[in-house]
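Follow the explanation below with the model open beside it. The path goes from strands and sheets to helices, and then to the packing of single residues.

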Amino acid sequence: MINILFEYPQLNCGGTEVVMYNLAKFFDSSQYHVDILVRKQGNNEEIFRKIGCSIYLIPFTSKEQYKLDLMTFFNSYHYDVVHTHMHSDMGLVMECASKAGILVRVAHSHNARLDIPHLFWPVQIFRNWCVENYANLFFACSRIAAKWMFPRHRNSVYVIYNAIDLDDFKFDVAVRKQKRKELGITDKTKVIINVGRCTDQKNHSFILDRAKELKNEDILFVIIGDGPLFKSLSKRIEDEYISNVHMMGKRFDVSQWLCAADVFIFPSIYEGLGIVAIEAQACGLRVLSTNTIPIEADMQMGSFERVALADIRRWNDLLKQDIYSEDKRLELSCKAFDSHYNIRVVAKEVEQLYKSKLC
C-alpha cells in the first residue's frame with residue numbers, strides 16, 4: 001500500500017478541495033491510501049472521511065512551532081508521498097518532508113495571479129525558492145499556473161487537469177424541470193448562473209452590474225457560494241433593488257442547479273484554471289468567461305467564449321443571446337466524456353507519477 005498525505009490549510013468548499021477529493025476518491029484503493037493534514041477545522045471534512053481519509057490537525061501559530069510539529073508528525077506517521085496544495089508555506093512543508101526522508105514530495109499549483117503585471121512575476125523566484133529546492137515533483141492545473149508558482153522548474157512541471165467525475169455533471173432534463181419549478185420561473189426565463197466563493201477574486205459585483213443593466217430582460221441571475229463578501233453583496237442587492245438576482249449561499253447540489261441554468265457566467269479576475277467552468281461545460285452549458293482565464297479551461301467543444309471585462313456591451317449582448325436547446329445540451333454533455341477532464345484518466349496519471357519517484 002502506498003500511503004499519501006495531502007496537506008492543505010483548511011477543508012472548505014473551494015476548487016482546490018474539489019481536486020483533492022476527486023483524486024482521493026478515484027485512486028485505486030487497493031494500492032493507494034490518502035490522509036489529509038490541515039491547520040484549521042473546515043466545514044467540508046466529512047466528505048473526505050466518508051471515502052476513508054483520516055484528517056489530522058496541526059494548528060499554526062508560528063513557523064518555528066509548525067516546523068517542529070511537522071517533523072514530529074512526519075517521523076511518527078510514515079508516508080510515501082506528501083502532496084501539498086498551493087498555499088504560502090508550501091516550502092516549509094516540503095523542507096520538513098525532505099528532512100524526514102519522505103521519498104515523493106509534490107508541490108501543486110492551483111492558481112496564477114494574472115491580476116499582477118508580469119513585470120513583477122520574477123519575484124516568485126525568491127518567494128518560492130524553498131518550494132523548488134525541496135519538492136521533487138511539480139504539478140500545476142495549467143501552464144500559466146506552472147509559470148507563476150514554479151519559475152525555475154516551469155519546464156518540468158506536469159499539468160494535471162482539474163478533472164471531475166463527469167457522471168455527476170451530465171445534463172438531465174428531468175432535473176432541469178424540477179429545479180426551475182423550485183425557482184418559480186417559466187420555461188422562457190433564462191437562468192444565468194455563477195458558482196464560487198464570495199471574494200474579490202470571483203468578481204460577483206460584475207454580475208450584479210450586469211443584472212441591473214439587463215433588468216428588463218426575462219433573465220434570472222443565480223449565484224451559488226458563500227464567503228466573506230456574501231453579506232455585502234446581499235445588502236447591495238437589497239439596497240439597489242436588484243430583483244433579478246438570487247443569492248443561494250453554499251449548496252451541495254451544484255450539478256442540479258447547473259442543469260436548471262442556461263448560461264454560466266465566469267467573470268473572475270484571475271483563476272489557476274476554474275474547475276467550475278469545467279463542470280458547467282460537462283453539463284452542456286455555454287460559458288461566458290473573462291479573457292484572463294487559462295486556455296485549459298476551454299474543453300474545446302465550441303461552448304466557451306472569452307470576453308475582456310472592459311467590453312461591457314459584448315457581455316450584455318452575449319447574455320441576451322438565444323440559449324441551447326435540450327438536445328444540444330445533451331450532445332455537449334456526452335461529448336465531454338471524451339475529454340482529458342475525466343477524473344478516472346487523471347487519477348491514473350497521478351498514480352503513475354507517484355510511482356515514478358518511488359522506484
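Two strands are said to pair if DSSP finds at least two bridges between them. Helices (H or I, at least four residues) and strands (E, at least two) are DSSP runs, numbered from the N terminus. The model is predicted, and local features need pLDDT of at least 70, side-chain atom pairs count only at pLDDT 80 or more, and totals for chains, interfaces and linings use all residues. Residues are numbered from 1 along each chain as its sequence is written, and side-chain values use heavy atoms, with hydrogens and water left out.

Strand 1 (residues 2-7) is joined to strand 2 (residues 32-38) by 6 bridges, and the two run parallel. Within that pairing, I36 of strand 2 is the bridge partner of F6. Strand 1 is also joined to strand 4 (residues 81-85), again in parallel, by 4 bridges; here L5 has V82 of strand 4 as its bridge partner. Strand 4 in turn pairs with strand 5 (residues 104-109) in the parallel sense over 5 bridges, and H83 stands opposite V106 in strand 5.

How enclosed is strand 1 by the rest of the structure? Burial is judged by relative accessible area: buried means under 20%, exposed over 50%, and partly exposed in between (1.4 Å probe, protein chains only). Because 5 of its 6 residues are buried, strand 1 is largely enclosed by the rest of the structure.

Helix 1 (residues 15-26) forms a right-handed β-α-β unit with strand 1 and strand 2. Right-handed here means that, with the strands pointing away from the viewer, the path from the first strand over the helix to the second runs clockwise. The 12 residues of helix 1 should span 16 Å at 1.5 Å a residue, and the end C-alpha atoms are 17 Å apart, which agrees; the expected span is 1.5 Å times one less than the number of residues.

Helix 1 is mostly covered, with 9 of its 12 residues buried. Among the buried residues are T16, M20, L23 and A24. T16 has a relative accessible area of 13% and is therefore buried. Leaving aside neighbours within four places in sequence, T16 is in contact (heavy atoms within 4.5 Å) with Y8, H85 and H110.

The packing can be followed from F6. Not counting residues up to four places away in sequence, F6 touches residues including M20, L23, A24, I36, H83 and Y354. A nonpolar core is a set of buried Ala, Val, Leu, Ile, Met, Phe, Trp, Tyr and Cys residues joined through side-chain atoms within 4.5 Å. The largest one has 98 residues, and F6, F27, F74, F264 and Y354 touch the most other members. Apart from it lies another core, of 22 residues, among them I192, F221, L233 and V307. In soluble globular proteins, nonpolar side chains tend to be buried together.

F73 is found in helix 3 (residues 63-76). With a relative accessible area of 7%, F73 is buried. Beyond its neighbours within four places in sequence, F73 is in contact with L5, L37, Y56, I58 and Y79. The C-alpha atoms of F73 and I58 are separated by 8.9 Å, and the two residues are 15 apart along the chain.

A further open sheet has 6 strands in the order 10-9-8-11-12-13, and the pairing is parallel. Strand 10 (245-249) and strand 13 (304-307) stand at the edges with a single partner strand each, so one side of each is left without a neighbour in the sheet. On average, neighbouring strands of this sheet are turned by 25 degrees against each other, direction ignored. Strand 11 (residues 263-266) and strand 12 (residues 286-290) run parallel and are joined by 4 bridges, and F264 stands opposite V287 in strand 12.

M299 lies in the loop between strand 12 and strand 13. M299 is buried, with a relative accessible area of 9%, and touches I278, Q281, A282, A336, S339 and Y341, not counting residues up to four places away in sequence.

How values were computed. Axes fitted to C-alpha atoms, helices over the stretch in contact; angles between N-to-C directions.
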